[in-house]
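These are my notebook entries on the structure shown below. I record what I looked up, element by element.

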Amino acid sequence: MNSPWKGKAKATNQDYDDLRPTITYRHILSNNLGVRDPLRVVALCDSDAFYAACERVRLELDPNVPIVVQQWESIIAVSYPAREFGISRMDKIKDAKKKCPNLLAVHVATYKEGESEPSYWKDVDTRTHKVSLDLYRRESNKIITMFKEALPIGEVEKASIDEAFIDFTRPVREKLLERYPYLVQVPADAPNGMDSPLPPPPPIKWDDLGTVLLPEGTDSAGEQSNIDVDGGTTWHDVALSIAAELMRKIREDIHSKLGYTTSAGIARNKFLAKLCASYKKPNSQTILRNQAIPSYLHPLPFQKIRFLGGKLGDALAKEYDVSTVGDLLTISLDEIQSKFGENALWIYELLRGIDRTEVKEKSALFKSMLASKNLPKPITQPLDGHQWIRVLAAELALRLNDARESMPTLWPKTIVLHARKGYETSRSKQATFPFVRNVTVDVIATAADKLWKELTGDSKTVNITSVQLAFTGLEKAEMGQKSIEGFFATRDIQRTFLKRSREEDEPLVSLENTDLAVPKSSDIEAVSFQCTRCRKTIALREGQATGGPSEVAQRLATLRSEHGDFHFAQDLANSNKGSVPVPRGSSLKRQKVEPKGIAKFFIKK
């Protein structure tokens with residue numbers, strides 16, 4: 001039954017009473033205020049039509065050439081010059097070329113059997129080729145590297161292949177105190193010491209900093225001298241202007257060095273930065289001042305906001321007969337929590353431009369790498385599978401070698417092969433991936449071929465419609481260790497291994513589910529692993545490491561499982577919300593709790 005209360009009343013300015021906080025000396029001199037810092041500044045930088053731009057740069061084309069990137073018969077990227085002809089990703093190639101006869105359509109690079117790297121082939125066929133996105137990954141990493149080099153004390157979070165969040169708070173604070181040194185010392189006559197308000201800020205010249213969103217819902221593109229546009233300049237505005245300078249410089253460097261244009265949104269948090277980044281694309285940056293947040297958010301259809309669409313958005317629209325952010329502002333916190341649970345506080349704050357999400361750099365270390373192919377023509381003869389295994393092996397070889405350029409000690413513990421028949425649940429086989437000095441297609445394909453034989457067995461015919469090949473358990477040695485001995489947990493093990501390998505020159509065998517590699521005939525007295533949860537080193541007891549490698553591996557696997565059960569039991573005791581994950585290999589069963597509140601709108605059934 002719908003609530004008789006509808007969200008059509010008028011919102012008040014009290015909904016945004018945090019837009020002009022009093023900024024004190026304590027605020028400006030503190031380095032650890034986090035997401036509640038009143039001088040916080042965050043940007044979202046988005047590469048314009050990124051895949052199309054990558055191909056334009058690769059082909060050294062004029063920026064005005066209309067170009068689309070295709071994957072088989074579908075368009076996956078459209079350059080801005082091509083968009084002027086009305087071309088979109090919904091078009092078919094033949095229809096797009098009717099709209100623009102001079103259109104350049106570039107098919108993404110593909111792998112094919114027998115080649116160690118992807119290439120741009122004249123004739124591509126989904127029955128014999130596999131798509132490669134490696135070019136775009138590499139170019140994306142170059143852009144992220146430039147962000148980090150330009151802002152060594154900033155925080156950079158890669159949001160997707162063509163987007164990154166940047167927390168400018170610390171770099172801006174440093175620059176602000178450098179420009180206004182009188183803020184470094186609290187005046188002797190300050191009435192409340194460190195908690196005294198800062199003096200009035202200087203006027204700001206917004207020229208060339210981008211499009212500045214104003215409180216009335218209009219904007220100024222900086223075409224004239226915009227000094228104190230609305231007479232209400234704050235110290236947060238000063239922080240925004242400094243971030244805009246830094247962002248502009250980075251964007252100019254990316255364009256001059258890499259050839260890519262970008263668009264940026266600059267605001268007080270991640271949510272607002274992403275929202276305004278696309279305000280005037282391409283090749284632009286938009287600054288959302290705090291005073292302009294209400295007029296910017298009010299008319300927005302709330303279901304277009306990330307996470308407020310889908311089932312949750314439909315439920316809100318139906319419950320309150322609303323369509324815009326302004327409509328929803330009239331719903332009290334008590335009302336929305338009574339309908340959608342306590343966690344609906346997040347919705348209440350988001351509608352008011354409040355987002356406490358951190359900008360957090362994601363680890364460059366991937367836990368797994370996956371190459372997959374959905375086959376338009378099923379594999380019917382077991383021998384035909386080896387062709388696709390080599391194609392997938394080529395992709396994994398390239399990606400692992402790329403990753404090892406920056407992390408030389410990175411290595412996967414396991415190689416996994418998945419195969420699926422139609423809509424059936426996929427079957428998989430896995431094995432320890434042996435250490436070799438040079439990762440080649442042949443090495444990976446040989447290991448995968450063994451798994452394929454195990455999967456197909458003695459079958460004379462199969463019906464495989466999807467194949468996936470993956471590396472799992474990717475880990476790297478400790479910092480400063482540049483060779484395989486970095487994978488060993490103790491100095492004693494390192495010494496034993498180095499001595500034996502010199503004397504006996506025996507090949508290495510990686511132990512499945514361990515962090516170690518030992519000689520085949522080794523009788524090393526202890527092996528161990530480091531728990532990623534508690535960071536403790538868990539070792540087999542003295543005497544348990546004797547015997548063959550398979551026996552040692554089994555004992556260590558059992559020890560891992562028991563230790564995982566220990567953490568699971570702790571999680572279960574400390575948690576009363578949702579389901580608790582069960583570690584791989586654990587003997588315990590997953591405990592499920594029916595999701596409540598807004599959580600149920602994000603559960604896939």
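Across which strands does helix H2 lie, and at about what angle to S2 does it run? I found that H2 (residues 50-59) lies across S2, S3 and S4 and runs at about 110 degrees to S2. I note at the outset that the model is a predicted one.

**Entry 1. Overall figures**

I began with the totals for the protein. The secondary structure comes to 17 helices and 20 strands. Of the 605 residues, 45% count as buried. Among contacts with a separation of 6 or more, 64% are accounted for by residues 24 or more positions apart.

**Entry 2. The sheet under H2**

I then looked up the sheet that H2 lies across. It is an open sheet of 3 strands in the order S3-S2-S4, and its pairing is mixed. Strand S3 (74-78) and strand S4 (104-107) are the edge strands, each pairing on one side only. On average, neighbouring strands here are turned by 35 degrees against each other, direction ignored.

**Entry 3. H2 against H5**

Next I examined the packing of H2 on H5. Their axes come within 10 Å and cross at roughly 95 degrees. The two helices are therefore roughly perpendicular to each other. From H2, I listed Phe 50, Tyr 51, Cys 54, Glu 55 and Arg 58; these meet Leu 135, Tyr 136, Glu 139, Ser 140 and Ile 143 in H5. By class, the residues of this contact divide into 6 nonpolar, 1 polar and 3 charged.

**Entry 4. H5 against H7**

I followed H5 to another partner. Helix H5 (residues 134-150) packs with helix H7 (residues 235-258) at an angle of about 140 degrees, and the axes are 10 Å apart. That angle makes H5 oblique to H7. The crossing is right-handed. On the H5 side, I found Lys 142, Ile 143, Met 146, Phe 147 and Ala 150 in the contact; H7 contributes Met 247, Ile 250, Asp 253, Ile 254, Lys 257 and Leu 258. The residues of this contact divide into 8 nonpolar, no polar and 3 charged. I noted that Ile 143 of H5 takes part in the contact with H7 and also meets H2.

How many of the residues of strand S1 are buried? I counted 6 of the 6 in S1 (residues 42-47), so the strand is largely enclosed by the rest of the structure. Both faces are covered: Val 42, Leu 44 and Asp 46 are buried on one side, and Ala 43, Cys 45 and Ser 47 on the other. S1 is joined to S8 by 5 bridges, and the two run antiparallel. Val 42 stands opposite Asp 167 in S8. S1 also pairs with strand S11 (residues 262-267), in the antiparallel sense over 6 bridges. There, Ala 43 stands opposite Ile 266.

**Entry 5. Helix H6**

I listed the buried residues of helix H6 (residues 169-179) as Thr 169, Pro 171, Val 172, Arg 173 and Leu 176. Their cover includes helix H1 (25-29), strand S8 (163-167) and H7.

**Entry 6. The sheet of S13 to S16**

I turned to an open sheet of 4 strands, which has the order S13-S16-S14-S15 and antiparallel pairing. Strand S13 (368-379) and strand S15 (427-432) stand at the edges with a single partner strand each, so one side of each lacks a neighbour in the sheet. Neighbouring strands are turned by 15 degrees against each other on average, direction ignored. S14 and strand S16 (residues 464-472) pair over 7 bridges, and Ala 419 stands opposite Val 467 in S16. Helix H14 (residues 385-406) packs on the sheet and touches S13, S14 and S16; its direction makes about 160 degrees with that of S13. Helix H15 (residues 441-456) lies across S13, S14, S15 and S16 and runs at about 45 degrees to S14.

**Entry 7. Thr 414**

Is Thr 414 buried or exposed? I recorded a relative accessible area of 7%, so Thr 414 is buried. Its place is in strand S14 (residues 414-420). Leaving aside neighbours within four places in sequence, Thr 414 is in contact with Gln 430, Ala 431, Thr 432, Phe 433, Ala 470, Phe 471 and Thr 472.

How values were computed:
Residues are numbered from 1 along each chain as its sequence is written. This is a predicted model: local features need pLDDT of at least 70, side-chain atom pairs count only at pLDDT 80 or more; totals for chains, interfaces and linings use all residues. Side-chain values use heavy atoms; hydrogens and water are left out. Axes are lines fitted to C-alpha atoms, for helices over the stretch in contact, and angles run from 0 to 180 degrees between N-to-C directions. Angles under 35 degrees count as roughly parallel, over 145 as roughly antiparallel, 65 to 115 as roughly perpendicular and the rest as oblique. A crossing is left-handed if the near helix is turned anticlockwise from the far one by less than a right angle, and right-handed if clockwise. Contact means heavy atoms within 4.5 Å. Ala, Val, Leu, Ile, Met, Phe, Trp, Tyr, Cys and Pro count as nonpolar, Asp, Glu, Lys and Arg as charged, and the others, Gly among them, as polar. Buried means under 20% relative accessible area, exposed over 50%, partly exposed in between (1.4 Å probe, protein chains only). Two strands pair if DSSP finds at least two bridges between them.
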